[in-house]
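Let's take a walk through this model, one stop at a time. Have the sequence and the 3D view open as you read.

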Amino acid sequence: MAGEPPFAGETIAIVGVGLIGGSLGLALKGLDIGRRVVGVSRQETLDEAFALDVIDAGYRYEDLESGIRDAALVFLCTPIVRILDLLPEVLAAARQDAVVTDVGSTKHAIVSSATAHRRDGVHFVGGHPMAGSEQRGVSAADPFLFQNAIYILTPSPETPDFAVEGLACLVSAFGARPMRMTPQEHDRAAAAVSHLPQMMATSLVSMIGRMTEDEGLPIRMAAGGFRDLTRIASSPYEMWRDICHTNATPIREMIDLYIESLSAIRSAVDRDRLEQAFDFANRIRGQIPKDSKGFLHPLHEILLLAEDRPGVIADVARTLAGENININDIEVLSVREGEGGTIRMGFDSRPCAELAVDVLGKAGYSVRMR
Ligand code: NAP
């Protein structure tokens with residue numbers, strides 16, 4: 001029926017009810033159009049998922065076949081290596097006309113395996129929601145995790161369009177922004193903008209850590225810049241082990257390119273030839289979507305100066321809510337380097353940001369467009 005939401009009234013199965021799987025469960029249930037959400041996990045996880053109202057029915061991995069048998073859509077949400085283990089069984093057990101997808105952070109290995117184990121009438125669409133957190137497990141599940149997040153879909157040439165369109169429409173319904181690309185394009189881009197930065201942060205902090213231990217380098221000097229650049233060095237290895245194993249070639253390619261780039265900077269550093277490199281980097285940095293969830297178009301930002309005291313953020317939010325202004329992104333700048341401001345806020349449009357400046361200015365705040 002025209003306009004009917006995708007998978008309305010159908011069973012949707014989530015295999016691996018952790019942070020991402022649990023968040024999908026909550027988001028799907030939030031849509032409230034008669035879908036039944038079935039989880040497949042260990043019993044302990046299922047008990048927690050029931051208690052949090054993430055799933056309507058639960059099966060253990062031993063009963064995976066029964067768990068997914070009726071599902072029109074199956075999300076595979078375990079760690080990548082386990083997705084690769086489970087894929088053949090899931091594709092074999094899925095019902096005719098089911099769409100099977102996954103949420104793994106690398107795509108080529110998974111889509112290749114799905115192609116190798118494909119079955120007529122079961123349609124696989126690779127997926128990667130560009131949202132997450134450093135927390136793990138269903139207890140950290142968040143119904144709004146995917147709002148405004150880019151959701152990459154990597155169908156193979158055999159995947160019928162209706163399967164991709166259906167999934168794209170569903171993820172749009174809970175606020176994500178679907179984007180289609182090939183698994184190779186995804187993995188190369190992810191290696192450049194996500195996996196290389198992780199390797200850089202890990203190696204940089206390791207280097208500084210060794211200097212601190214061996215030479216007594218005063219690491220306490222590290223302020224905002226170092227902390228901003230190395231935040232992701234706190235990521236757990238467990239998730240990265242799978243990413244590195246399944247995307248080693250693009251990651252090595254990016255590390256080699258970065259070594260070349262760093263070498264060029266090294267040879268120019270005392271020759272007054274870096275201005276062009278700084279200008280270029282400034283310009284490109286300015287073009288990056290400004291929200292961690294990857295807004296497709298940049299937000300319009302304002303900077304507000306405020307005293308560090310309880311209730312400031314509540315007051316700012318209340319003042320803006322009074323004029324029906326929605327804040328799309330907010331950051332408290334606890335360490336200020338390079339520019340003033342205590343709170344940075346992002347808005348969907350320039351008129352909205354200008355109105356926010358006007359309203360907050362009238363409320364007595366020192367505020368300006370960024
Ligand atoms: P998580 O919170 O640890 O959840 C993983 C789930 O898989 C749990 O339900 C876990 O519990 C199940 N599982 C099955 N076999 C497992 C095994 N051998 N080891 C560990 N857990 C196992 O992880 P997550 O953050 O949701 O990540 C899941 C997938 O999402 C990964 O493929 C990851 O690449 C992808 N992803 C993560 C993020 C992020 O930032 N976290 C973002 C985008 C995509 P049970 O064993 O009880 O089922």
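Buried here means under 20% relative accessible area, with exposed over 50% and partly exposed in between (1.4 Å probe, protein chains only). Helices (H or I, at least four residues) and strands (E, at least two) are DSSP runs, numbered from the N terminus. This is a predicted model: local features need pLDDT of at least 70, side-chain atom pairs count only at pLDDT 80 or more, and totals for chains, interfaces and linings use all residues. Residues are numbered from 1 along each chain as its sequence is written, and side-chain values use heavy atoms, leaving out hydrogens and water.

Start with helix 13, where Cys352, Ala353, Ala356, Val357, Val359 and Leu360 are the buried residues. They pack against strand 9 (300-305), helix 12 (312-322), strand 11 (343-347) and strand 12 (366-369), contact meaning heavy atoms within 4.5 Å. Just past the helix, glycine 364 has a positive phi of about 100 degrees.

Now look at histidine 123, which sits in strand 6 (residues 123-129). Is histidine 123 buried or exposed? Histidine 123 has a relative accessible area of 12%, so it counts as buried. Leaving aside residues up to four places away in sequence, histidine 123 touches Asp97, Ala98, Val99, Val100, Pro160, Phe162 and Ala163.

Last stop: helix 4 (residues 80-93) and helix 5 (residues 108-116). Ile80, Ile83, Leu84, Leu87 and Leu91 in helix 4 meet Ala109, Ile110, Ser113 and Ala114 in helix 5.

How values were computed
Axes are lines fitted to C-alpha atoms, for helices over the stretch in contact, and angles run from 0 to 180 degrees between N-to-C directions.
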